[in-house]
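Trainee: I am new to this structure. Please show me how to read its features.

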Amino acid sequence: EILVAVTQFFHLFGVLCGGIVTTNMMKFIEPRQCMLIGMFTQIVCGNLTGWANIFELHMFFRCLSAVCCGLMYTAGGLICE
């Protein structure tokens, strides 16, 4: 049970980091390109998360996938304004 909580923590931490990274990234790249980058990298990271057989590697890819999710959410929110 504690390991599930640990992976959920890293997922939420990744979403937070994704929002922060996107806010800084959109100073140089337009929001549509940020969202596309997030989409493609989330597909790759999500597949790697499913193939990871080591717990630490699974946590890393889950956090990275959440960073991409936060990237898409923040860029999409700016596009819709």
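Mentor: Start with F13, which lies in helix α1, residues 2–25. The model is predicted, so local features need pLDDT of at least 70 and side-chain atom pairs 80 or more, while totals for chains, interfaces and linings use all residues. Residues are numbered from 1 along each chain as its sequence is written, and side-chain values use heavy atoms, without hydrogens and water.

Trainee: How many helices and strands are there in the protein?

Mentor: Helices (H or I, at least four residues) and strands (E, at least two) are DSSP runs, numbered from the N terminus. Here there are three helices and zero strands, in the order α-α-α from the N terminus.

Trainee: How do α2 and α3 run relative to each other?

Mentor: Axes are lines fitted to C-alpha atoms, for helices over the stretch in contact, and angles run from 0 to 180 degrees between N-to-C directions. Angles under 35 degrees count as roughly parallel, over 145 as roughly antiparallel, 65 to 115 as roughly perpendicular and the rest as oblique. The axes of α2 (residues 31–51) and α3 (residues 55–80) cross at roughly 155° and come within 8 Å. The two helices are therefore roughly antiparallel.

Trainee: What does the C-alpha trace span along its principal axes?

Mentor: The span is about 40 × 20 × 20 Å.
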